[in-house]
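Dear colleague,

I am handing over a structure to you with this email. Please look through it first, and then read the notes that follow.

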Amino acid sequence: MTVYYENETEFEFPFSEHEHLQKLIRFVTDFVACPYEPEVSVTIVGKERIQEINREFRQVNRPTDVLSFPMMEYDKPSDFQGKMFQSTISLSPGTGELVLGDIILCAEVISEQADEYGHSELREFSFLVVHSMLHLFGYDHMEESERIEMEELQKDIMEKLGINR
């Protein structure tokens, strides 16, 4: 497993982000029974930068907490045998790992949301990484049934990780 990590901000979380990312990414990869070792790029940015990215890629001109950029398409979430996945699969030439995609987190929004929701930055950070990893495995929340499924998975994963509100 390879996790490329970069913090472009001065913000410091009260935990080791890179170590925690590795734990979360491994757990979600195993949870969805991915048969490949994952490669994920994670970047922490500030509000201005995430707003720029959000505007450019989603045409939404405001900061957000997390953005996910999956490399593959799936016939259905975490279907590693489907035609779409097989036709879009991206394996790293050097390692043979599955290049899942990119996760961009906003440090300031994570901190603000942790305060707003009354839980730790660790919990908020973890939830957003779990949420984003599910996106990288093809889950979405555009339709009501998808939203319900994704929320149930997130809740189950967070409980199994022992990271609660």
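What share of the contacts in the protein with a separation of 6 or more comes from residues 24 or more positions apart? Such residues account for 68% of those contacts, where contact means heavy atoms within 4.5 Å.

A word of care before the rest: this is a predicted model, in which local features need pLDDT of at least 70 and side-chain atom pairs count only at pLDDT 80 or more, while totals for chains, interfaces and linings use all residues. Residues are numbered from 1 along each chain as its sequence is written, and side-chain values use heavy atoms, with hydrogens and water left out.

The protein has 6 helices and 4 strands, which are DSSP runs numbered from the N terminus (helices are H or I with at least four residues, strands are E with at least two). Along the sequence they follow the pattern β-α-β-α-β-α-β-α-α-α. Of the 165 residues, 46% count as buried, that is, under 20% relative accessible area with a 1.4 Å probe, protein chains only. The C-alpha atoms fill a box of roughly 40 × 30 × 30 Å, taken along the principal axes.

Best wishes

Note on methods: Buried < 20%, exposed > 50% of the residue type's maximum accessible area, 1.4 Å probe, protein only.
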